[in-house]
Amino acid sequence: MSNPSGGARTRSPKPDGVITRGTTGINRLRRSDRWLMHRPRVADALLGAADPLVVDLGYGARPDTTFELASRLRTVRDDLRVVGLEIDPDRVVEGRDGVSFARGGFELAGLRPVLVRAFNVLRQYPEEAVAGAWAKVQSGLAPGGLFVDGTCDELGRRCAWVLLDEHRPLTLTLAWDPFDVERPGDVAERLPKALIHRNVPGEGVHDLLVAADRAWATAAQHAPFGPRVRWRAALELLRGQGIPAEAPRRRLRDCVLTVPWSVVAPTS
């Protein structure tokens, strides 16, 4: 196994987690990668780190998306290091292009990264395992570090992820292909494990999706100008209703909805 630290070989903690299906695909995580590239808090964390280490946790049967993450985040900081971790030792491959691989789970193989991405990992766990997994990863972050826990469909056309810091979840983001998804609520099937069973009346995430679908319907007069224009109008309607959805700071190729975690936090 390659040594991701680049120094003397040390004994890593026993991997924490279970082997999952490992489904992956080229460019599957492009929407979350684009979001991370342009997220000021992510950029600040990477640029301010003495050791800009990024961990891709549970990259699956092939490391395509790990290499893609490295390539995209190097537009923010070109000297960052990326380590892909997998519990299944048969999936650990030789490193190249400044990316290395090792066996590891939620304990992060003893590494102290400034950013961790885990996509389509916790989706395969029971809901009650989420809090413990989050806490384990958060405890391994470098000071000021961030953690992204997300889920997407097989082609990456509908995605959802939670951004966390060392202490708490910060935001929920939904992102989808403007030309493939009929309405925002269709992304519900890919909510992260922490929320997917909470899409019921009385829960914040359900209220958010209902409001987003209503705003989308109300913005139908913008449909002739394309789904991106229509979603921008719908987003303004949501903000006008008091929902603290983030306003995009740049033109987006995706439809994106980001809200504070407090909007969707489970009621119990």
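pLDDT is the predictor's confidence in each residue, on a scale from 0 to 100. This protein is a predicted model in which local features need pLDDT of at least 70 and side-chain atom pairs count only at pLDDT 80 or more, while totals for chains, interfaces and linings use all residues. Residues are numbered from 1 along each chain as its sequence is written, and side-chain values use heavy atoms, without hydrogens and water.

The mean pLDDT of the protein is 92, with 94% of its residues at 70 or more. Residues 1-10 stay under 50. Where pLDDT is low, the predicted coordinates should not be read in detail.

Two helix pairs can be followed next; helices are DSSP runs (H or I, at least four residues) numbered from the N terminus. Helix α1 (residues 30-37) and helix α3 (residues 64-73) have axes, lines fitted to C-alpha atoms over the stretch in contact, that come within 10 Å and cross at roughly 25 degrees. α1 and α3 are therefore roughly parallel to each other (angles under 35 degrees, on a range from 0 to 180 degrees between N-to-C directions). In α1, R30, D33, L36 and M37 make the contact (heavy atoms within 4.5 Å) with E68, L69, R72 and L73 of α3.

Further along, helix α6 (residues 204-218) packs against helix α7 (residues 227-240) at about 120 degrees, with axes 8 Å apart. On the α6 side, A211, A212, A215, W216, A217 and T218 meet P227, R230, W231, A234, L237 and L238 of α7.

Methods: Parallel < 35°, antiparallel > 145°, perpendicular 65-115°, else oblique.
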